[in-house]
Amino acid sequence: MGLVRKFFNQTRKPEGFLGRLMLSGMSFGHASVADWAMSLLNIPEPLEIVELGCGNGRDAGELLKKYPGSKVTAVDYSPLSVERTKRTNKKMLEAGRIKVLDDDVSNLKLEHEKFDLATAFETIYFWPGLERCFENVKKILKPGGRFMVVMESNGQDKIIQWFKKRIDGMNTYSEEEIEKALRAAGFSKIEANHKKSIGATWLMLLAEK
Ligand SMILES: C[S@@+](CC[C@H](N)C(=O)[O-])C[C@H]1O[C@@H](n2cnc3c(N)ncnc32)[C@H](O)[C@@H]1O
């Protein structure tokens, strides 16, 4: 596998030296889409938030700033992402506002009906079996809890197809496919937001349990 391909494959599960580099670059790549999506979140302050596929932990920290009364459980199946998220949020970790766990969305060990809000920024491309993973998210949400899915592409943009060709095991989804999987997993009141960006359309879906 060539170096470029090896590097981009680190988005799926960051590991080793290239994984560290990728985690450092993720904030640069994803911050604007994540901030746009969070600015649209107009819900009562969620007391318990779970941030799924937390990567370098930047978005977990932003959620803690947006909701000063909340606690975040950040989850990733990459031990490197777990370590980096702890480092990014060192003060919040010491203050007891964040927990960071090594866990897999396809087999979550988290307590059921605990969370008011679940977030997934730029990660569902790698979840094995969207509907089954969404069902797992539903289990850990309280009744009426929300699930926010954020992607910097609507699944059809050329840029996402470019990444898909270079990242093993990556899936791309249209808005309709995500909505269908959310409904099949038992979510309702699905709200979709879009923003045109350079060469792509950003997507934020908010669903209710
Ligand atoms: C492209 S990165 C995005 C990270 C971060 N959310 C962001 O927007 O910058 C995808 C992250 O999801 C994690 N991930 C992928 N599949 C996962 C799964 N099944 N369970 C938990 N984490 C997963 C990866 O390890 C990686 O850290």
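Which residue of β3 does V75 stand opposite? The points below lead to the answer.

1. This is a predicted model, in which local features need pLDDT of at least 70 and side-chain atom pairs count only at pLDDT 80 or more, while totals for chains, interfaces and linings use all residues. Residues are numbered from 1 along each chain as its sequence is written.

2. Strand β2 (71–76) is largely enclosed by the rest of the structure, because five of its six residues are buried (20 or more other C-beta atoms within 10 Å of a residue's own, with C-beta atoms placed from the backbone). Strands here are DSSP runs of E with at least two residues, and helices are runs of H or I with at least four, numbered from the N terminus.

3. β2 pairs in the parallel sense with β1 (residues 48–52) over five bridges, and E51 stands opposite A74 in β2; pairing requires that DSSP finds at least two bridges between the strands. β2 also pairs in the parallel sense with β3 (residues 98–102), over five bridges, and there V75 stands opposite L101, which settles the opening question.

4. The ligand is surrounded by 23 residues, the closest being G53, G55, S78, F121 and E122, where a residue counts as near if its C-beta atom, placed from the backbone, lies within 6 Å. Elements giving two or more residues to this shell are α2 (16–40) and β2, and α2 gives the most, with three residues.

Note on methods
A residue is buried if 20 or more other C-beta atoms lie within 10 Å of its own, exposed if 12 or fewer, and partly exposed in between; C-beta atoms are placed from the backbone.
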